[in-house]
Amino acid sequence: MKIQLRKFDVLKSTNETAVAMAQEGAPEGTVIVAARQKGGHGRMQRVWSSPLGGLWFTVILRPQIDPQFAAQITLLAGVAVAKAVRRLYDTESVQIKWPNDLLLDGKKICGILSELQLDENGIIDYAIVGIGVNVALSDADFPAEVAATAASLNASLHKDFTCDQVLAAIMEDFGILYDKWLLLGADVVMKEWQKLNCTVGRHVLVKDNDQVIFAGTVTAVDEEGAIIVRNEQGIIQSFNFGEISIR
Ligand code: BTN
């Protein structure tokens, strides 16, 4: 993947700018980075606070694949960020919580929000992958509602990397993994994801819009990125949406 960086001091949301640029024909590999976002958003329409000191960026992709496999892009992005952060910070404590949270010792250091646009024939026009990494934030930067569950990499791991260094490391892994995935299919991503995730084997509550809809043990993640959960009665359900809390 050929990477073209587009850097901004401030944007409302790099995802929104990426959508606009993708609609105007920006090529695959365009990466939109903002030093801060004024209207960053997360999953479930949540506000994503994005002050200076964090890495806020979105990658435009145009994979020529069956849209049913598009959810793998989020898993792929999680693997790329986890591998890059582990290498750069020399730590094995970063893990992936399904579907797209990266945790450091159980606290969230990165969130990923992907969107897919199909054309009128049902073929992928573009996918955008928005990634927010807490690189050099201080405790005071986190809104009260996430203060207890979020962490920042530099402070937690006693390092002093810049957002540019973290971005370069992530895009190196992202590019390599994405090219392999296009060539070889899901296996390359799924194998790495399985090694890095902290979800399989755990007892979880599956939530949709903050309501618990199922409880059980995660037995696997399938090729479409859905988790397979088995409850105490032995009923098995798969979920390709929603959120989980790990018990
Ligand atoms: C989540 O965990 O809820 C996903 C958070 C995704 C945040 C990133 S920051 C860069 C990009 N721009 C946005 O507005 N959101 C994503």
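I count a polar contact as a pair of N or O atoms within 3.5 Å. The model is predicted, with local features needing pLDDT of at least 70 and side-chain atom pairs pLDDT 80 or more, while totals for chains, interfaces and linings use all residues. Residues are numbered from 1 along each chain as its sequence is written, and side-chain values use heavy atoms, without hydrogens or water.

I then checked side chains at the ligand. An N or O atom in the side chain of glutamine 37 is 2.9 Å from a ligand nitrogen. For threonine 14, a side-chain N or O atom is 3.1 Å from a nitrogen of the ligand. Around the ligand I find 19 residues (a heavy atom within 4 Å). Ser13, Gln37, His41, Arg43 and Lys108 come nearest.

Next, the backbone. Methionine 44 has a positive phi, near 55°. Methionine 44 sits in the loop between β2 (30–37) and β3 (55–61); strands are DSSP runs of E, at least two residues. Tryptophan 98 and proline 99 are joined by a cis peptide bond, omega about -5°. Proline 99 is in the loop between β4 (94–97) and β5 (101–104). Most residues other than glycine have a negative phi, and most peptide bonds are trans.

Last, I looked up a helix pair. Helices α2 (residues 72–89) and α5 (residues 186–196) are DSSP runs of H or I, at least four residues. Their axes, lines fitted to C-alpha atoms over the stretch in contact, are 9 Å apart, at an angle of about 55°.

Key: Axes are lines fitted to C-alpha atoms, for helices over the stretch in contact, and angles run from 0 to 180 degrees between N-to-C directions. A polar contact is a pair of N or O atoms within 3.5 Å; within protein, one must be able to donate a hydrogen and the other to accept it, and residues adjacent in sequence count only if both atoms are side-chain atoms.
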